[in-house]
Amino acid sequence: AFTSNITASGDISASGDIIGTNITASEIRLENTEGDADTFINMRGVSGKFLTATDNIGVGTLAPGEALEVVGSISASGNIFATSASFTTLDTVIVQPKTSNQELKVIGGNKLKLISLNSNIEFRPENVLKHSFFSSGKVRINSPSSVEPLSTLDVNGSVSASSTGSFEQIKLNYDNMPTSDPNIKGVVYRSSSAGMDNLLFISPG
């Protein structure tokens, strides 16, 4: 065996294996001229850690079904660009580490679509259910309940509007409505006046 350094200005050809602990070059090419044969690189003695087969590249798999298939986690310090992404597992989680001043942003150029084929869409800040969008078109806002509401829009809390609104019907909670002026501007209450019961008033505050 040759145990000294080899310096070559041209190609090196071998009919067997070339084994070395340190190979330095400005460019290293692995070319397979045997037609459809695969090209393997053994890492830490594990065969098939990386290969090319019919133009597909596999990491951790000997049979990549896509242009690049990785069995295991993928880490990137920069951006990942794709025209689409498909997840085939039952539960898919995209995690943004809880580090200060870091954000997970989803940006749509013209449209941003959230599509659920078989279920509802839920928003869970701090992993607590707050808002639910149901496949029927109904929406529940600021509620931990995942049950579809009776109304098209169900809001748990106050609703504020800076303009006018038009409604076919307004349903008020009669039992919880104040029966005297609460002295809160704009609050509706029921009371009696001029011998008539259950009249509606708007508090001037």
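Exposed means over 50% relative accessible area, buried means under 20%, and partly exposed lies in between, with a 1.4 Å probe and protein chains only. The phi of Asn-127 is near 60°, a positive value in a residue other than glycine. Asn-127 sits in the loop between E5 and strand E6 (131–133).

A word on the source. This is a predicted model, where local features need pLDDT of at least 70 and side-chain atom pairs count only at pLDDT 80 or more, while totals for chains, interfaces and linings use all residues. Residues are numbered from 1 along each chain as its sequence is written, and side-chain values use heavy atoms, leaving out hydrogens and water.

Now the whole chain. It has zero helices and 10 strands. Here helices (H or I, at least four residues) and strands (E, at least two) are DSSP runs, numbered from the N terminus. Of the 205 residues, 9% count as buried.

Back to positive phi. Asn-142 has a phi near 55°, again in a residue other than glycine. Its place is the loop between strand E7 (139–141) and E8. How exposed is Asn-142? Asn-142 counts as partly exposed, at 33% relative accessibility.

Next, strand E8 (residues 153–155), which holds Leu-153. Leu-153 is exposed, because its relative accessible area is 53%. Leu-153 and Arg-140 are 13 residues apart in sequence, and 6.1 Å apart in space, C-alpha to C-alpha.

On to the largest pocket. Its volume is about 3000 Å³. A pocket is found on a 1 Å grid over the protein atoms alone: it is an open set of points with protein on both sides within 12 Å along at least five of seven lines, where a cavity is a set of points where a 1.4 Å probe fits but cannot get out. Lining residues have an atom within 4 Å of a point. The volume is the space filled by probe spheres set on the points, and points are joined across faces, edges and corners.

Which residues lie nearest the centre of the largest pocket? They are Ala-85, Phe-87, Thr-92, Val-93 and Ile-94, out of 48 lining residues. The elements giving two or more residues to this lining are strand E4 (68–70) and strand E5 (121–123).

Last stop: Ile-6. This residue lies in the segment before strand E1 (39–43). Ile-6 is exposed, with a relative accessible area of 60%. That's my tour.
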